[in-house]
Structure formats: C-alpha cells, structure tokens
Amino acid sequence: MRQLIAVGSLLLTVLLAGCGSSAAHDAGHSDSAGSDEATHSSDGGSGHGAASAEVVNLAERDGEQIITLGLPGGSYTPQAPPGATDDYRCFVLDLPESTPGGYATGFQVLPGNPDVTHHAILYRVYPEQVAAAEELEAADDRPGYECFGGSGVPSRGGGVRAALNESDWITAWAPGGDAADTPDGYGVDLPAGGKVVLQMHYNTRGGVAPDTTEVKLRMAPADTGLKPLYSMLMPAPVELPCPAGQTGPLCDRQAAIDDVSARFGPVSGWQVNGLQLLCGGDPANPVAGVTQSCTRSISEPTTLFAVAGHMHLLGKTITVDVTDAAGTATRVLDVPQYDFDNQDAVPLPAPMTLQAGDKVTVTCTHDPTLRGKVPGIPTEPRYVVWGEGTTDEMCLGVLVTGKDA
C-alpha cells in the first residue's frame, strides 16, 4: 500500500497551531538519487509529469463502498489572478445520498491534468458549516471560489482558538501519490449531512489547459467502530537570503514579504512572521540561513504511523526527530536528497507511541543556487520566505497519527 499524502499550502491558523488535521495515511516511499537538477521538476514549474506511470487503484473491501467525487461540470480551466501564475480554487462537493456519513478508509486522487496540477487537498465540512461553504461559492462568479491556504470555511466554534484545535483535512495529493489505505482499525470520520471541499492548486507557468481531477473515497459505515486518524502539521520558517554576490530589490526581506503578500494576500505576510513566533524566533530580527528548524511539543498521547516532508523546488534535505522526556532522540524521517516529484509519507517500521511533552523537531535545508538551475524558477535574485506558490518555499513535517480514545 502506498501513502497518499502531501501538502502544498497552509492556513495561518494551521501554522500557529500544528493541530491535528484528518488525512489519509498508510504507505510507501521510494528514495531518489541523482543530481540536484535531476531530482526536481523539469517541466517548467507548472506540472509534475514525473508522477507514477503505473496507477495503483483503490482496492475494494467487503462492506465498504467506493465513491467518486469530481469537479463541478466535470472540468475546470485554471485562471491565475493578474500578475500571478498560481490558481488556488476550492469546490464544494456533495457526498452521495448513498453515503450517510461514516469513515473514509481509502483514498485516491486522480489528477486530470498533471501538467498544471501542483496539489489537491480534500477538506471536511461539518453540517453546521455547509451554509458558510455554499456562501463562499455563491459569492464568486467563477466555478468554485478562490482560496489560499485552506478551505476558507470558518471553524465551527468561531475565532482563531477554535480553528487551532479543529481538524478538517481528509486527504491530500501531490506528485508521487497513489491510492492509500488508513492503518487497520482507523479511519477519517465524515459526518452525515456534511459536504467536502476540494482545493486544487494549479500552476500555469507552462500554459493553461482544462483539468478533470477526480477523488475516490472508500467509505465504511459509521457503526464500524473505527478509531479516528489525524495528521499533525509541523511547519518551520523559511528565511533564505540571496546567495553571496547576488543583489537585487527582492534581496531585501521586507520587499520579498511584500511581494508574497501582493500575490497571495496579507495572510501570506502574516504567515512569515507567525512562523517566527511559533518557533521561538524574532519576527523583527529573524536568523536567516539555508537551514531552518522548529521544535514543538506533543499535547496528548498519540500513536505515530508515518511521517512526510514537504518543501518546494529549492528543497535539499528534510528531517524530523522525536525527543522523549529522557532526552532520547529518534529520527523518524530522513530525506537526504529531497525530490519534489516524490512526496510520499514514510511509514515507521512499527507504530510509535508519543507521550504528552515529547518534542518534535523539523529541520529543512534549502539551496538558493537552484534558482539558476531548475527550470521554471525565476532567476531574479530574491530573499525567499514561506509562500504559497510553487516558486516560493515551505518547510513542513507531517506526522500521521491516531488516537485510541
């Protein structure tokens, strides 16, 4: 079984929370080798044609039902905002009447046009949130609605604190992802009367063409007795200065933040400084460098099944370490040569119990010199910060976890 997990973009509340977000998780992973140029997307930065040539289909199971969710009208043609090349579009999708709630135990995203598809994320919408989701859709004069970061649907309790503690992810796809199953005895809870929001991130640098992405879910009845599955999002800052000898207006950090904010809205600028606060840094005087890290504490006991890492096209290495109360550190993810086109989660040899107070550290190293080597990345020198676009950067560890109660 392979893991269908990857992440592209995050809401500010997720960055400040590192909260549990439901997602699909079990999995496989294959390491990649080769030069820096060979291990990054070579399709102009728009699509990711290195996706698996052999499609692994979602397996059927007795007593469970496979449903297929598609884009409204069957297709969508990306249209980036003026001056941008990334189109984040959310679509409110109905669950079939034959599926009155239950647990999702398997997932498969079938990208209809890999040449423009950067990622897909499926979000859960509780019954009491449906009206808000439909209002967002009705207010936009194009199919779906524009959505940077998350689904844009307000949290059920309202306010930032409620958003920090609410899980809304169902599953996610990025290049390299195949069909996946949840661990035995676990599933993603989808309540009756709710809907789902599918966020598609398109990059149009290589052109514009229609997309026909579909999502398949395998559903088990609500009375199956499965335990809930979650993912914990562990971001770290990106503070990547221009290499020595390079100059330009965007080598100024604030100018770079202003540029990201202009392309994706003010929340993107807040994310950059919010990550500094989250990770113990100083937003007014951050420590810049090619390697950045962040340490977070586990708030309650949980079982760790798999770990994934996410960066963009300048990513070089990523690690995730867990340190227990006795100070013993265990490396649960080690990617010595990051490959944007292979973002599968890496399963642990055996599930690992994390206790409240255990520390999790994610560490990323980026290579700014790839801006002149990897096709699709603008060559203009710039100070690189956390940003939503394919040619911006991220540093994120994803812990696939489950609760026994």
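What share of the contacts in the protein chain with a separation of 6 or more comes from residues 24 or more positions apart?

1. **The chain as a whole.** Residues 24 or more positions apart account for 87% of those contacts, counted at a separation of 6 or more, where contact means heavy atoms within 4.5 Å. Please keep in mind that this is a predicted model, in which local features need pLDDT of at least 70, side-chain atom pairs count only at pLDDT 80 or more, and totals for chains, interfaces and linings use all residues. Residues are numbered from 1 along each chain as its sequence is written, and side-chain values use heavy atoms, with hydrogens and water left out.

2. **Secondary structure and burial.** The protein chain has five helices and 21 strands; these are DSSP runs numbered from the N terminus, with helices being H or I of at least four residues and strands E of at least two. Of its 405 residues, 56% are buried. Buried means under 20% relative accessible area, exposed means over 50%, and partly exposed lies in between, using a 1.4 Å probe and protein chains only.

3. **The nonpolar cores.** A nonpolar core is a set of buried Ala, Val, Leu, Ile, Met, Phe, Trp, Tyr and Cys residues joined through side-chain atoms within 4.5 Å. The largest one here holds 82 residues, and those touching the most other members are Val-197, Leu-198, Leu-217, Val-307, Val-320, Val-362 and Leu-399. Leaving aside residues up to four places away in sequence, Val-307 touches Val-320, Val-332, Leu-333, Ala-345, Val-346, Leu-348, Val-398 and Leu-399. There is also a second, separate core of eight residues, among them Tyr-88, Ile-257, Val-272 and Val-385.

4. **The four-stranded sheet.** Look next for the open sheet with strand order β14-β19-β16-β17, paired in the antiparallel sense. Its edges are β14 (291-297) and β17; each has a single partner strand, so one side of each is left without a neighbour in the sheet. From one strand to the next, the twist averages 15°, with axes taken as lines fitted to C-alpha atoms (for helices over the stretch in contact) and angles running from 0 to 180 degrees between N-to-C directions.

5. **Val-320 and its partners.** Strands pair if DSSP finds at least two bridges between them. Antiparallel β16 (residues 315-323) and β19 (residues 359-366) are joined by eight bridges, and Val-320 has Val-362 as its bridge partner in β19. With β17 (residues 329-335), β16 pairs over six bridges, again antiparallel; there Val-320 has Leu-333 as its bridge partner, while Thr-319 stands opposite Asp-334. β16 and β17 form a hairpin with five residues between them, and Gly-327 in the turn has a positive phi of about 90°.

6. **Strand β21.** β21 pairs in the antiparallel sense with β12 (residues 227-235) over seven bridges, placing Ser-231 opposite Val-400. β15 (residues 302-310) and β21 are likewise antiparallel, with seven bridges, and Leu-304 stands opposite Thr-401.

7. **The five-stranded sheet.** Another open sheet has the order β6-β3-β10-β5-β7, with antiparallel pairing. Its edge strands, β6 (145-146) and β7 (169-173), each pair on one side only. Between β5 (residues 117-125) and β7 there are four bridges, and Tyr-123 stands opposite Trp-169.

8. The axes of α4 (residues 253-264) and α5 (residues 266-278) come within 5 Å and cross at roughly 135°. That makes α4 oblique to α5, since angles under 35 degrees count as roughly parallel, over 145 as roughly antiparallel, 65 to 115 as roughly perpendicular and the rest as oblique. Among the residues that meet are Ile-257 and Phe-264 in α4 and Val-272 and Gln-276 in α5.

9. **Two buried residues to look up.** Gln-276, in helix α5, counts as buried because its relative accessibility is 5%. Its contacts include Pro-237, Glu-239 and Arg-253. Thr-391 sits in the loop between β20 (384-385) and β21 (396-402), and it counts as buried at 14% relative accessibility. Thr-391 and Pro-378 are 13 residues apart in sequence and 7.6 Å apart in space, C-alpha to C-alpha.
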